[in-house]
Amino acid sequence: MKRMEAEKLFADLVEGTRQQTPVPFIERDAERVLAAIQTAAVFWEVVRLSNVPMRFLCDFCNQLINGDLVVASDGKLSLTDKGKELVEALEIAPVQEGICNACEGRGIDISKFYGSLIEKYSEICKDRPEAIQDYDQGYVTEATSLASVSYAWQRGDLENKEIIILGDDDLKSIAAALTGAPKRVLALDIDTRLIEFINKVAEREGLKNLKAVWHDLREPLREEWLKSFDTFMCDPPESIVGLKAFVERGIMCLKGRGCAGYFGLTHVEASLSKWAKVQKFLLEKGAVITDLREDFSSYVNWDYIKEMRSWSWLPTKALPEHLWYCSAFHRIELLKDVEVENPRLGENIFDDEEVATN
Ligand SMILES: [Fe+2]
């Protein structure tokens, strides 16, 4: 295939996808998908490696399939001869991965912070409540939770600090309290199963600084939580409304300047346009992103994969066998004092055009 012919074909594919998809889609996104398909066959691996929203990844894959550039079956994608000619003519290289085996790419050694407590935490997590779709749950691996807390410790946001966790299906409150380092750990969640579980663990393990309280984050926060913590952690829904709601509530809980917050954001359900909105929102709130770790958090495959909305978009359907849903770990720090608006939010904070796992 000649370069000019390939460029024309590529431009048509991008335009065709743009017309199909409600999410902003650019040439670089198409390149990312073609790079990932060269490295991995399994669809879920392509999702992970391409770092693009599933919404337009699926739309673009269907364009590729209709154009005889890709064949899809049994949950796998592969380039046809014509597809191979296209990527060669366009000089799109495969994705290269060099993840450190020791830390799974997180850049932190949890054994230095936890030692034998790693096993203790694992034992506690054995009886955890399973993720349910009602609250957009899906929890991270144990190593992710321990690494998040270790990371906060390393950044001076844990020891002798007061920590609030807004939504804790990841059981990070337990991971934090187990270290004995924080002055206080408070977990808020809407799921009574989690509240009971965390409080039972706190009692059984003698973790006096740990407490879980039922709270629906659509509702205003209690007065006693406002401006009362040094650090917040949350794993917000990926809709822009939900994300802002969680992070904004987190910020409201901080005592003021110099306090820090942690949250995750994916590519699976958030385009770079959404990332830009989040970053603008943070700056408006007086917060600056100090640390950003790509693919820090890995999520354990949840039971409701076939019920999530993106199942119907898939170019080929098969359940994932490995971890594929990852998020980028963000640390923010406040540059100015907190302005508390504490509104009640609308019913549906989980939805927007990019959301895939509802
Ligand atoms: Fe490493």
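**View 1. I92 in the loop between α5 and α6.** In this predicted model, I92 sits in the loop that links α5 (81-89) to α6 (110-114); helices (H or I, at least four residues) and strands (E, at least two) are DSSP runs, numbered from the N terminus. Residue numbers start from 1 along each chain as its sequence is written. Because this is a predicted model, local features need pLDDT of at least 70 and side-chain atom pairs count only at pLDDT 80 or more, while totals for chains, interfaces and linings use all residues. I92 has 18 C-beta neighbours inside 10 Å, so it counts as partly exposed (buried means 20 or more other C-beta atoms within 10 Å of the residue's own, exposed means 12 or fewer, and partly exposed is in between, with C-beta atoms placed from the backbone). Setting aside neighbours within four places in sequence, I92 is in contact with E31, L34, A35 and V87 (contact: C-beta atoms, placed from the backbone, within 7 Å). From I92 to D169 it's 77 residues in sequence and 39 Å in space, C-alpha to C-alpha.

View 2. The domain assignment gives domain 1 (3-89) and domain 2 (110-334), with bounds that come from an automatic or database assignment. Their C-alpha centres are 33 Å apart. Across the boundary, 21 residues of domain 1 are in contact with 17 residues of domain 2. On the domain 1 side, α3 (43-50), α4 (54-66), β1 (70-73) and β2 (76-79) each give two or more residues. That side divides into 13 nonpolar, 4 polar and 4 charged residues (Ala, Val, Leu, Ile, Met, Phe, Trp, Tyr, Cys and Pro count as nonpolar, Asp, Glu, Lys and Arg as charged, and the others, Gly among them, as polar).

**View 3. Helix α3 and its surroundings.** Here 8 of the 8 residues of α3 are buried, so the rest of the structure largely encloses this helix. The buried set is F43, W44, E45, V46, V47, R48, L49 and S50. They pack against α2 (27-39), α4, β2 and β9. Just past α3, N51 takes a positive phi of about 55 degrees.

**View 4. Helix α11, mostly covered.** Of the 13 residues of α11, 11 are buried, among them F246, E248 and R249. What do they pack against? The partners of the buried residues are β3 (162-166), β6 (231-234), β7 (260-265), α12 (272-284), β8 (287-298) and β9 (326-334). As for length, α11 (residues 240-252) should span 18 Å at 1.5 Å a residue, and its end C-alpha atoms are 18 Å apart, which agrees (expected span: 1.5 Å times one less than the number of residues).

Note on methods
Contact = placed C-beta atoms within 7 Å.
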